[in-house]
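Hi everyone, thanks for coming. Let's have a look at today's model together.

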Amino acid sequence: MEPTGRAAAAPTRAGVMKAVVQEGYGPPEVLRLAEVPRPSPGKGEVLLRVRAAGVDRGIWHLMAGLPYVVRPVLGLRRPRNPAVGQDVAGTVEDAGPGVTAFAPGDEVWGVASGSFAEYAVARADRICRKPARLGFEEAGVLAVSGLTALQGLRDAGRVRPGQHVLVVGASGGVGTYAVQVAKALGAEVTGVCSTAKADLVRAVGADHVVDYTRTDFAAAGRRYDVVLDIGGSSRLSRLRAVLAPRGTLVIAGGEDAGDWLGLRRQFAALALAPFVRQRLAVFVAKTRRADLEALADLVEAGRLTPVVGARFALADVPEALRLLAAGGVRGKAAVVVGEEGRA
C-alpha cells in the first residue's frame, strides 16, 4: 500500500530541518511540525537521513505524560527533550568521531531519539545494517516493538520448543512480532485479538486465535506455559488462571488507561511472585545491537516480517497517534519521511 501523493513540500532551509516537536503533555494536538536546527553527530554517533520511523504505544505514553511516575524522568510539566520518535530506518549522512562501523550512504535501522524528523542522531551501538529483504518502511517499524517481543519471550519468558504460548494483544505492534518470535523459538502459539484482526494474527503464524469479542480467553479452560500480556487491561488473577502451575507470566508495558500509576499490575506481580510457584516476570526492553542483529537474522531467514498497517507523513503524526489509541492500526504504523500523504 503506497502513500497517496500531495504537492511536494517546499525545500528546507540550509542548516535546519522539519521535525515533530512536543512542548507539553496531553492529546495529539500537543505535537506540531516545526523547523528546528539540524543535529550533528558527536563521539560514537551517526547522523541519519531518516526515511521511515515507527509509531507505538510508548510514543503515545510519552506524549500524554502517562503514567505520571515517568514525569520526574521526562520532565514534570513538559518534556525536557521536545524531540519525538524512537524507531528509525534511513541512510547514514555523517559519522562522528570514533565511528568505524558505518559510513555515509549505509542503509541502517534501529533506535534514534527524535526520529520523527528529516534527520536524527543515533548512537552507533543502537543501529545495524538494514536487512536486504526489508524496505525502509518495514525496517523503520521493527526495532522498539521487535526488541520487546524478543526479550519478553526469549529472556523474560524463557520460551522453549514445544511450549504453549498465549499472546494477549496479538494484533498490535509488539503482538505481531511476538507471535512470529514465539514460533521461531519452537512454540505453539495462541493469539488473542478482535474479530477484525483475527485474519492478521493467523497470517503471521498463530496456531490458534481467540476472538475476545466472542470468547473469554480466561474461561476457555486451556493452560499455557508462557503468557505474554501486551493488552494492559486483564487483571493479574485472570492471567494467572490460564497459566500452567509452573508457567511464566510476562507483563509488557503499562496499563492502557484508567490507572494513573500505570504499573499497578507490575507491582502486584512483584509482590506476589515469592509466594507462588508460577513465575511472574516484569521487564523493560533494552536496545542492544546483538538483539537488533538477532532480529535481522530472523528477518533474513524469512521467520520475521514487519506488518505495516498504515503510513503517515510527518505532518500527520498526531493523526497516527489518534488512530493507534483507538485500536485502528493493524501491526505497526509507519511515518514515511519525504513522502507527503498516507494510505
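**Salt bridges and cores**

Let's start with Glu 107, which is partly exposed at 39% relative accessibility; buried means under 20% relative accessible area, exposed over 50%, and partly exposed in between, using a 1.4 Å probe and protein chains only. Its partner in a salt bridge is Lys 130, with the closest N and O atoms 3.5 Å apart. By salt bridge I mean a side-chain nitrogen of Lys or Arg within 4 Å of a carboxyl oxygen of Asp or Glu. Lys 130 itself counts as buried, at 15% relative accessibility.

Quick word on what you're seeing: this is a predicted model, where local features need pLDDT of at least 70, side-chain atom pairs count only at pLDDT 80 or more, and totals for chains, interfaces and linings use all residues. Residues are numbered from 1 along each chain as its sequence is written, and side-chain values use heavy atoms, with hydrogens and water left out.

How many salt bridges does a search of the whole structure find? It finds 17. One of them joins Arg 330 and Asp 199, with the closest N and O atoms at 3.3 Å. There's also a network of salt bridges linking Arg 154, Asp 155, Arg 288 and Asp 291.

Now the inside. The largest nonpolar core has 49 residues, and Trp 109 and Leu 153 are among those with the most contacts inside it. Such a core is a set of buried Ala, Val, Leu, Ile, Met, Phe, Trp, Tyr and Cys residues joined through side-chain atoms within 4.5 Å. A second, separate core has 34 residues, including Phe 102.
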